[in-house]
Amino acid sequence: MKNYILYLMLIVVAYAPLLAQDNQPQDSTKVEKLGEVFVNSVRVKPDAPITHSNISKKEIQKRNLGQDIPVLLNYLPSVVSSSDAGAGIGYTYLRVRGSDATRVNVTINGIPYNDAESQGTFWVNLGDFASSVESLQLQRGVGTSTNGSAAFGASLNILTDAISKEAGGEIANSFGSFGTKKHSIKFTTGLINEHFEFAGRLSKIYSDGYVDRAFTDLKSYYLQGNYVDDNTLIKAITFGGKEKTYQAWYGLRKDQLEEDRTQNPYTYDNETDNYWQDHYQLHWNETLNSNWATNIGLNYTRGKGYFEQFKDDRTAADYNNLINDGSDVIVRRWLDNHFYVLNANATYQKNGFEIISGISYSDYTNDHYGEVIWGTDLANGTSIRDRYYLSISDKSDFSVFSKATFRMSENVQAFLDLQARFVNYTTTGLTSVRAPINVDEDFNFFNPKLGFTYTVNDSNSVYASYARANKEPNRNDFESNAEDVKHETLNDFELGWRHQSNGLTLNANLYYMQYNNQLVLTGAIDNVGEYLRENVDKSYRLGLELDASIALSEQFTLSSNLAVSKNKIQNLTINRDGGLQNLGDTNIAFSPNMISTHALEYTPNTKFRTALIGKYVGEQYMSNTDTESSKLDNYFVADLNFSYTLPVKTVFTSIVFTGMVNNLFDLEYVDRGYTYLDTWSGPTASEIQGYYPQATRHFLLGMTLTF
């Protein structure tokens with residue numbers, strides 16, 4: 001199947017020029033709608049009974065000075081972001097409704113981006129990707145059917161740059177605290193012969209990080225070629241880059257945090273993560289007539305990289321006897337993977353009825369292996385880069401879906417979404433600690449979704465929905481719980497109200513997410529900083545989300561959102577002190593009961609804007625046992641953001657100055673950490689905890705030249 005996907009990509013590229021006709025392309029609105037079809041299968045419309053937020057390119061540009069996408073989304077309802085290095089660049093993380101990255105499905109132009117095996121999202125491999133994004137939609141809860149792993153907390157759908165009719169470009173540079181620098185250049189040819197456009201971006205981002213030596217060095221690119229006529233849009237895209245990041249994933253112990261919160265306990269010069277990833281996408285959207293449209297998406301992703309570590313006084317058996325006992329050693333642990341995707345869907349719409357049906361198939365292969373590249377006492381016959389472990393993985397994922405939107409009456413619109421998903425995951429060999437990992441599991445899921453929207457009047461509507469999702473374990477789950485791990489099921493109930501009138505937009509949503517066998521974070525991390533998980537029988541998340549924007553005057557706008565929730569494991573039983581203990585109902589780890597954001601924006605004219613933004617995150621536990629020593633304090637962080645556009649008439653069309661002061665009041669806070677309280681007890685359990693300090697007051701300043 002993977003070879004056929006490559007052949008299809010080549011065939012489309014070869015025949016695309018033959019499609020050119022003398023037709024004039026339709027207006028920019030038609031071109032924009034053609035482009036949006038790439039994400040129609042995973043996005044929802046504004047009146048759908050799905051809880052969601054949309055972010056436009058204009059909104060992204062207000063704060064885009066090099067920080068990663070999770071940080072740019074930090075102000076949305078129920079969202080919390082964090083970073084290892086503390087300043088929002090490098091290894092960054094996104095949680096929605098308390099659910100971590102393995103539960104947030106991410107697609108780029110409808111193509112799954114989550115790593116198929118770990119199910120995580122590594123934004124460090126998408127340096128400056130926000131500069132090539134046309135729009136984002138964040139669906140909270142299960143949402144609609146999507147491609148790739150199931151959405152158990154949210155789904156994030158990204159649409160990349162649209163076609164530009166006019167030639168142009170921009171040069172963007174920004175500088176800031178901790179040696180942060182971003183340099184990027186973008187260009188577009190505009191439409192050539194009314195049909196073809198070529199565009200691209202090159203970027204480099206560097207930051208020393210708030211944490212000592214936690215530097216990040218990112219080089220990235222984005223290139224696209226487009227063909228468009230009245231009814232056809234063909235888009236060939238390649239993007240990717242290279243990252244090098246110094247390790248900060250183990251954080252600091254409490255005593256280290258109190259001594260110097262910026263210190264890094266790692267001292268080996270090259271304790272770094274190094275990874276290369278390139279994506280190749282091909283999309284063909286065809287409008288057949290006023291009722292029918294089709295879309296085909298193809299993807300190939302090539303990823304390869306390693307992280308390097310120094311370890312002292314090692315045991316020979318842990319390294320396949322490539323060293324002698326007591327030797328110091330430097331190792332590299334590699335990932336070498338290929339990812340193929342085929343998406344195809346068709347849309348039919350007539351008289352308010354719309355049905356979208358499609359399929360998605362992906363195949364992922366990954367080699368995990370470790371090399372010894374240096375040792376103080378290598379065993380006889382050992383050569384540099386001899387491997388001390390190897391495992392080979394393959395995951396195939398096939399899904400078929402059909403979703404319909406139709407009117408039951410003048411005021412009632414119904415939404416029905418049915419998806420069947422079939423997954424096979426196999427892996428053989430040894431883990432990095434030379435433990436056997438032999439898995440061959442099939443998962444067959446049926447995921448129905450149903451919702452209704454009732455339009456009360458021109459200003460008000462209410463909606464209700466039910467969605468069911470099933471999710472398979474990831475590789476780490478099989479490593480740590482191979483015999484007992486189960487797939488998990490989520491039943492998501494949503495009830496919402498939307499109001500829009502002159503100067504006021506208000507969204508309110510009540511949700512109840514009931515889980516069976518939820519794989520909750522235990523609070524512990526593995527030897528690459530990934531959180532470990534284990535099944536709990538029954539658990540739930542119950543919450544209320546409010547999101548409002550009000551125009552106080554022509555110059556002032558106030559925006560606020562508030563999420564209040566209760567996140568519980570029911571009758572948690574853990575194995576501690578040699579026996580099972582029932583702790584009753586406990587809080588789910590890393591699930592604050594309150595998250596809120598408030599922003600006051602001042603726009604005196606079309607050239608200048610400034611905004612003061614405050615973010616509050618309530619206290620949360622790093623463990624599931626409600627142990628006080630694992631509690632993280634609440635925090636409130638304020639940011640100041642501004643931009644000024646200077647119109648010019650020669651060479652450049654405008655010069656835009658942008659600035660940010662983050663953590664304006666210089667708060668020392670921790671938003672994430674780890675603990676082993678759930679996995680063992682004793683006097684050391686509470687001591688073996690780590691914390692990730694976030695940056696105190698820091699700034700970013702940028703200038704963008706457009707032409």
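This is a predicted model: local features need pLDDT of at least 70, side-chain atom pairs count only at pLDDT 80 or more; totals for chains, interfaces and linings use all residues.
Local features need pLDDT of at least 70, side-chain atom pairs count only at pLDDT 80 or more, and totals for chains, interfaces and linings use all residues. Residues are numbered from 1 along each chain as its sequence is written, and side-chain values use heavy atoms, with hydrogens and water left out.

User: How many aromatic pairs does the count come to?
Analyst: Rings of Phe, Tyr and Trp (its six-membered ring) pair if their centres lie within 6.5 Å; planes under 30 degrees apart count as stacked, over 60 as edge-to-face and the rest as tilted. By this rule the count is 36 aromatic pairs.

User: Which parts of the chain does the pair of F215 and Y246 link?
Analyst: The F215 and Y246 rings are tilted, with 6.0 Å centre to centre and 45° between the planes. Helices (H or I, at least four residues) and strands (E, at least two) are DSSP runs, numbered from the N terminus. The two residues are 31 residues apart, and the distant parts they link are the loop between β10 (196-207) and β11 (216-228), for F215, and strand β12 (residues 232-246), for Y246.

User: Is Y246 buried or exposed?
Analyst: Buried means under 20% relative accessible area, exposed over 50%, partly exposed in between (1.4 Å probe, protein chains only). Y246 has 3% relative accessibility, so Y246 counts as buried.

User: Over which ring does the charged end of R95 sit?
Analyst: A charge sits over a ring if NZ of Lys or CZ of Arg is within 6 Å of the ring centre and within 35 degrees of the ring normal. R97 lies over the face of Y511, at 3.7 Å from the ring centre. For R95 the distance to the ring centre is 4.5 Å, and the ring is that of F590.

User: Which element gives the largest share of the lining of the largest cavity?
Analyst: On a 1 Å grid over the protein atoms alone, a cavity is a set of points where a 1.4 Å probe fits but cannot get out; lining residues have an atom within 4 Å of a point. The largest cavity is lined by 27 residues, with V71, N74, S81, D639 and Y669 nearest its centre. Elements giving two or more residues to this lining include α4 (69-72), β2 (79-83) and β32 (635-647). The largest share, four residues, comes from β2.

User: Which strand gives the largest share of the lining of the second largest cavity?
Analyst: Of the 13 residues lining the second largest cavity, A116, G148, S149, S362 and D397 are the closest to its centre. The largest share is three residues, from strand β17 (residues 386-407).

Note on methods
On a 1 Å grid over the protein atoms alone, a cavity is a set of points where a 1.4 Å probe fits but cannot get out, and a pocket is an open set with protein on both sides within 12 Å along at least five of seven lines; lining residues have an atom within 4 Å of a point.
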